[in-house]
Amino acid sequence: MTIVCQTCSTRLQIDDDKAPSGPFSVRCPKCKSTVNAGASSPATELGATSLSGSPATEHPRYDQVSAPAYQLTNVAQEPPPPSNEEVLRLLMNLLGKTNALDTPNPGARPAWNKRKALVCAALQCREQLARSLSENGYQVYVAEDTRQAVETMRGNQLELVVMEPQFDAAEQGAAFVVREINVLRPAQRRRLFFALISPSLRTLDAHAAFLNNVNAVVNINDMSDLPRILEVGFREYNELYRELNQALSMSAL
């Protein structure tokens with residue numbers, strides 16, 4: 001286990017076999033301050049914005065490798081089911097009535113313009129997350145380690161980051177992903193939807209999302225419904241910024 005002193009950024013190595021199962025405290029040998037360790041949420045880790053060397057800056061940039069794009073294999077190509085808007089439009093046409101849905105929306109996202117998503121998760125659930133998103137129209141990148149995650153976030157205009165707390169746990173990958181998002185300028189942050197996969201929090205719990213500084217929480221047991229859950233989250237997020245996006249002539253996420 002590796003923990004970081006929040007005062008002097010010294011990295012402390014703790015033997016996993018000797019570490020207590022619950023939260024505990026140790027004294028930093030360098031600055032003598034008390035360092036608390038435990039199973040806190042990676043999105044609320046106090047050291048996430050003060051860790052000393054970022055994996056994306058400790059080495060020359062030409063050594064950096066972005067996360068590879070995910071490729072679906074052995075999947076039959078089937079037409080996607082009609083959306084709720086399409087069903088409603090058909091019903092209104094059958095009734096001979098007009099509806100606002102019949103008028104093209106200049107701010108609507110074109111079907112060919114896929115959302116770019118980055119998956120930062122432990123190996124055991126990485127494939128499931130990537131496949132689920134890819135099958136539902138996302139352009140997916142899968143980070144295998146912290147360096148790939150940070151480089152991809154800096155080099156691509158992502159619209160979605162899905163993070164699981166155990167991502168690259170040996171290098172505190174979740175903390176570095178959170179830091180990269182926390183340092184974004186407000187205009188950039190508004191164009192990114194951050195979802196946290198949690199083993200304990202309730203899916204779409206708005207209060208839990210607020211406390212963890214994310215846009216949506218998805219319980220790990222609901223990962224099979226991730227695309228539908230994200231669509232609900234995106235719809236509410238776009239409605240929140242609808243007037244601002246219109247004023248800035250920007251499309252919805």
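The following legends describe an overview and several close-up views of one predicted protein model. Residues are numbered from 1 along each chain as its sequence is written, and side-chain values use heavy atoms, without hydrogens or water. Because the model is predicted, local features need pLDDT of at least 70 and side-chain atom pairs count only at pLDDT 80 or more, whereas totals for chains, interfaces and linings use all residues.

**Figure 1. Overview of the protein, with its 8 helices and 9 strands.** Helices (H or I, at least four residues) and strands (E, at least two) are DSSP runs, numbered from the N terminus. Of the 253 residues, 40% are buried; buried means under 20% relative accessible area, exposed over 50%, and partly exposed in between, with a 1.4 Å probe and protein chains only. The accessible surface comes to about 15100 Å², and carbon and sulfur atoms hold 52% of this surface. Accessible areas come from the Shrake-Rupley method with a 1.4 Å probe; for residues, only the protein chains shown count as cover. Among contacts (heavy atoms within 4.5 Å) with a separation of 6 or more, 59% join residues 24 or more positions apart.

Figure 2. The buried residues are Thr 146, Gln 148, Ala 149, Val 150, Glu 151, Thr 152 and Met 153. Their cover includes strand E5 (116–120), strand E6 (139–143) and helix H4 (173–182).

**Figure 3. A cluster of aromatic rings formed by Phe 193, Phe 234, Tyr 237 and Tyr 241.** The structure holds 3 aromatic pairs. The pair of Tyr 237 and Tyr 241 is edge-to-face, because the ring centres are 5.2 Å apart and the planes stand at 70 degrees. Rings of Phe, Tyr and Trp (its six-membered ring) pair if their centres lie within 6.5 Å; planes under 30 degrees apart count as stacked, over 60 as edge-to-face and the rest as tilted. Tyr 237 is buried at 9% relative accessibility, whereas Tyr 241 is partly exposed at 24%.

**Figure 4. Arg 115 over the ring of Phe 234.** The charged end of Arg 115 lies 3.8 Å from the centre of this ring. A charge sits over a ring if NZ of Lys or CZ of Arg is within 6 Å of the ring centre and within 35 degrees of the ring normal.
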